[in-house]
Amino acid sequence: MSDGVGNGGDRGEAVLAIFQRGTEFTKELLGENERLRRALNEIEGRQREAAQSPEDWEKLRQELIHRICHLESENRDIMEQLRHVESENHQFAERYIEIEEENNNLANLYVASYQLHSTLDPSEVLRVIVEIVINLIGAEVFCVYVCPEDSDVLEPVAAEGAELDAFSPQKLGAGTIGESVASGVVACIDGATTAGPDGVDGVPIVSIPLRVLDMPLGAIAVHKLLQQKSGFSALDHELFTLLAGHAATAIFASRLYAQSERKLTTIQGFIDLLTK
Amino acid sequence: MAKHRILIVEDSPTMRQLLAFALKRLKGVEIIEASDGMDGLRKVTSDHFDLAFVDINMPVMDGLKLISLIRGEQNLESMGICVITTEGAKEDRERALSLGADEYLTKPIQANRVLAVAKSLLKLE
């Protein structure tokens, strides 16, 4: 008997729970219904305010179409202006990069020129030439030749990457180096990074003539570039031109200075001898 | 404005001038030069530097030795070091970086690359 009463109680609670859930669900539905009814009333109210008749509706439709066309036209104009500004920005960015590169190149040329003319000591001038060829051009194996006065032979005076005596003297007007010095024209094999199988005795990948007032002074012959250098750039060609003129002038000036110093010392010694 | 101090350790006056020329475009930097590894070591141990550009092949003390000595000093651990060298082989680069260099640039240098490295190591915009 008591079990039946207990079971009856449980069933009653279950039914009550179902009724309670049903009530909550119904309340939710009624709430949603009320919300939708309010929204519908709002829309109907806006419709009534917008147009009272089919003609008003048509007028409103036309106005909206016209407004849309106007906005689309404005949008196209703005997009066109944006494309124009983007194009200008792109051009400015490209020009900025060009100018920065030109600036960097000019800095290299300025430093090379400054260093070449910063000394009158012949050995220092040679040292600067070697530094420029290593650090600015990026050469690994090269030789600097100088033509003594009243001579037509280019003597190797400074070298890097190989022993100095591995480089043979060059006759003016003969071979790649001699011909470039005689003509005053830079001889360059573009795209090459190393000379042929003859090594330092063979054709250099670039021969830079050093001349002052059409007078041959020497040459710089590059036989191999540094590993990380893949060829000659526009800046390198500018450096060849700079070296052809300024290195030659620097060598010439230092030579004159050394000669004048020696003469001055001799004359001074002679004067001292006479006045004692 | 607080200055960033940059040390250039390079035996070639041409390279020192070129690096200084490039780095002077940075605002708020002071550039000091050293002509060899020993001179560079003296300067870093006697004064504060934020960044050093170090050549490898130098007389008296080479750049790799200098870098290992710098990294051995506790108070110099945070200093940025960029190697600038003619040695382009991968092994040379790896060796320098393993000794404590932060960046490795090969000659001939590009000024904009030097600036980019300096800005990166000094954490400038």
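Colleague: What makes you say that strand 6 of chain A is largely enclosed by the rest of the structure?

Modeller: It's a count. Keep in mind that this is a predicted model. A residue is called buried if 20 or more other C-beta atoms lie within 10 Å of its own. In strand 6 of chain A, 10 of the 11 residues are buried, so the strand is largely enclosed by the rest of the structure.

Colleague: And which strands does strand 6 of chain A pair with?

Modeller: Strand 1 of chain A pairs with strand 6 in the antiparallel sense over 7 bridges, and strand 5 (residues 206–212) of chain A is joined to strand 6 by 7 bridges, also antiparallel. Two bridges are what a pairing needs. Strands 5 and 6 of chain A make a hairpin with 2 residues between the strands, where Leu213(A) takes a positive phi near 50°.

Colleague: Where does that put them in the sheet, and what makes a strand an edge strand here?

Modeller: The sheet of chain A is open, with 6 strands in the order 3-2-1-6-5-4 and antiparallel pairing. Strand 3 (170–171) and strand 4 (187–188) of chain A are the edge strands, as each pairs on one side only. Further in, strand 1 is joined to strand 2 of chain A by 5 antiparallel bridges, with Cys143(A) opposite Ala159(A) in strand 2. Two helices pack on this sheet. Helix 3 of chain A touches strand 1, strand 2 and strand 6, and its direction makes about 150° with that of strand 1. Helix 4 (residues 175–183) of chain A touches strands 1, 2, 3, 4, 5 and 6, at about 140° to strand 6.

Colleague: How do you know that the length of helix 3 of chain A agrees with what a helix should span?

Modeller: Take 1.5 Å a residue: the 16 residues should span 22 Å, and the end C-alpha atoms are 21 Å apart, which agrees. After the helix comes Gly138(A), whose phi is positive, near 90°.

Colleague: Which elements do the buried residues of helix 3 of chain A pack against?

Modeller: Among those buried residues are Val125(A), Val128(A), Ile132(A) and Asn135(A). The buried set packs against helix 2, strand 1 (139–146), strand 2 (153–160), strand 6 (215–225) and helix 5 (234–275) of chain A, together with helix 1 (13–23) of chain B.

Colleague: Why is Glu101(A) called partly exposed?

Modeller: Buried takes 20 or more neighbouring C-beta atoms within 10 Å, and exposed takes 12 or fewer. Glu101(A) has 15 within 10 Å, so it is partly exposed. Glu101(A) is found in helix 2 of chain A, and its C-alpha atom is 76 Å from that of Glu24(A), 77 residues apart along the chain.

Colleague: How do you know that the radius of gyration of chain B agrees with a compact globule?

Modeller: For 125 residues, a compact globule would come out near 14 Å, and chain B has 13 Å, which agrees. Its C-alpha atoms fill a box of roughly 35 × 30 × 25 Å along the principal axes, and 42% of its residues are buried.

Colleague: And what makes strands 2 and 5 of chain B edge strands?

Modeller: The elements of chain B run β-α-β-α-β-α-β-α-β-α from the N terminus, and the 5 strands form an open parallel sheet in the order 2-1-3-4-5. Strand 2 (29–34) and strand 5 (103–106) of chain B each have a single partner strand, so one side of each is left without a neighbour in the sheet. The twist averages 20° from one strand to the next.

Definitions and conventions: Residues are numbered from 1 along each chain as its sequence is written. Chains are lettered from A and ligands numbered from 1 in the order in which they are written. This is a predicted model: local features need pLDDT of at least 70, side-chain atom pairs count only at pLDDT 80 or more; totals for chains, interfaces and linings use all residues. Helices (H or I, at least four residues) and strands (E, at least two) are DSSP runs, numbered from the N terminus. Axes are lines fitted to C-alpha atoms, for helices over the stretch in contact, and angles run from 0 to 180 degrees between N-to-C directions. The expected span of a helix is 1.5 Å times one less than its number of residues. Two residues are in contact if their C-beta atoms, placed from the backbone, lie within 7 Å. The radius of gyration is taken over C-alpha atoms; the globule rule is 2.2 Å times the number of residues to the power 0.38.
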